[in-house]
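Here's a quick briefing to read alongside the structure. Keep the viewer open and pick out the residues as they come up.

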Amino acid sequence: MTIGLLGRKVGMTQVFAADGTSVPVTVLAIEPNTVTKLRTPEQDGYTAVQLGIEAGKRRLNKPDQGQFKGELPACAVVREFRVDSVDGMTLGQTLDVSLFAEGELVDVVGVSKGKGFAGTIKRHSFQRGPETHGADHHREPGSIGAGTTPGRVYKGTRMAGHMGVDRVTVQKASVVRADGALNVLLIKGSVPGAINSLISVSKSVEI
Amino acid sequence: MDLIRTLTDAQLKTDLPEIKTGDTVKVSAKVVEGNRERIQVFEGTVMRLRGGGLGLTITVRRIASGVGVERTFKVHSPRIEKIEVLRHGISHRAQLYFLRDRVGKRSSLREKLGVPGEASVAEVAAEEAITPPVPAPVEAEVVEASEQDPA
């Protein structure tokens, strides 16, 4: 239930910390976000802040354009963050990376890279069979259940299938640097999603 | 990617000498002993260069009291105080792993003479003798093209 920011993943690199250790970081490009709507219990039944980015980057159709009344920029990407209260927020206000401080813990949400139809080894970390010595049980899933009793395969049994393109949250990732001049946020470690994919960063729920 | 460049370029050292494999270097690295910090000097032959940009590392090999010691340094790390190139060795390999099998006098490389960082007069002359004048390859191409034309 905390406010966050929207941005795009740029890639990974490393930076040296003050004590000389090299820290692997993910670079997130976070241009200032515009508050495009405030959700209140009286009007909408819940409390949230709607943020928009990339104004004018994509041509919007009439219904989408209608969402941005008056002076608001026509943002191509719009997402909401549930908050406890919208006090102090105004329409059209911009929020930038100064929202986060160095060393602060954040939750990072992205959509993981698609892996297509994946087998059980890749998808569920099953063990593989032997490669040689006459084996023909190389990457098979193995047993998927007992025999006559229960006489069926239990629901939820882990099998091969589509993997990736899931919403993935990385909790308690630490902010290495928040650069207001470059509009860049450096997060320690990796972050789900491909390069240029939409990433949302919010203050960590668990602290 | 340009954003990554601007972020990392600020941390790249600009005062580094040009280091090649085979060079004899003196690396001054900061080491922490207890709660005291001091500078440790490691001198040896550059056995390999690895990576690039901020992640560039050099592996330096020396024989310390009869035992081969290899240390890998992150060149751009703030823990590396200074790197000095003392000598250039002649090597025909990018990685000098063969040094690990060599003992005694054979473990040292022949020295490339001249001022460190500058090719000697003899070498420049030799290079000029080997490399043909610049227009030559162009002429060769023209000849080839005209030969193909009739076909």
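Predicted model: local features only at pLDDT ≥ 70, side-chain atom pairs only at ≥ 80, totals over all residues.

**Chain B overall**
- Going along the sequence, the elements of chain B run α-β-β-β-β-β-β-α-α.
- Chain B has 151 residues, and 26% of them are buried.
- Take the contacts in chain B with a separation of 6 or more: 50% of them come from residues 24 or more positions apart.
- Chain B shows about 10,400 Å² of accessible surface, and carbon and sulfur atoms account for 53% of that.

**A closer look at B:Thr24**
- You'll find B:Thr24 in strand β1 of chain B, which covers residues 24-33.
- Is B:Thr24 buried or exposed? B:Thr24 has a relative accessible area of 12%, so this residue counts as buried, the cut-off being under 20%.
- Setting aside neighbours within four places in sequence, B:Thr24 touches B:Glu43, B:Gly44 and B:Thr45, plus B:Glu84, B:Val85, B:Leu86 and B:Arg87.

**The nonpolar cores**
- The largest nonpolar core holds 27 residues, and the members touching the most others are A:Val49, A:Leu51, A:Val106, A:Val108, A:Leu185, A:Ile187 and A:Val201.
- Elements of chain A that put two or more residues into this core are β1 (4-16), β4 (48-55), β5 (75-82), β7 (105-111), β10 (167-179), β11 (184-188) and β12 (198-203).
- A separate core has 14 residues, including B:Phe42, B:Ile58, B:Val75 and B:Val85.
- Back in chain A, and leaving out neighbours within four places in sequence, A:Val108 has contacts that include A:Val168, A:Val170, A:Ile187 and A:Val201.

**A nonpolar patch on chain A**
- A:Ile144, A:Val153 and A:Met159 together make a nonpolar surface patch of about 210 Å².
- A:Met159 sits in the loop between α3 (120-124) and β9 (161-163) of chain A.
- With a relative accessible area of 32%, A:Met159 is partly exposed.

**Where the chains meet**
- Chain A brings 17 residues to the contact and chain B brings 13.

Technical notes:
Residues numbered from 1 in each chain as written. Chains lettered and ligands numbered in written order. Heavy atoms only, no water. Helix = DSSP H or I, 4+ residues; strand = E, 2+ residues; numbered from the N terminus. Buried < 20%, exposed > 50% of the residue type's maximum accessible area, 1.4 Å probe, protein only. Contact = heavy atoms within 4.5 Å. Areas by Shrake-Rupley, 256 points an atom, 1.4 Å probe, with all protein chains shown as cover. Patch = residues over 30% accessible without salt bridge, like charges linked within 9 Å, V, L, I, M, F, W, Y side chains within 5 Å. Salt bridge = Lys/Arg side-chain N within 4 Å of Asp/Glu carboxyl O. Core = buried A, V, L, I, M, F, W, Y, C linked by side-chain atoms within 4.5 Å.
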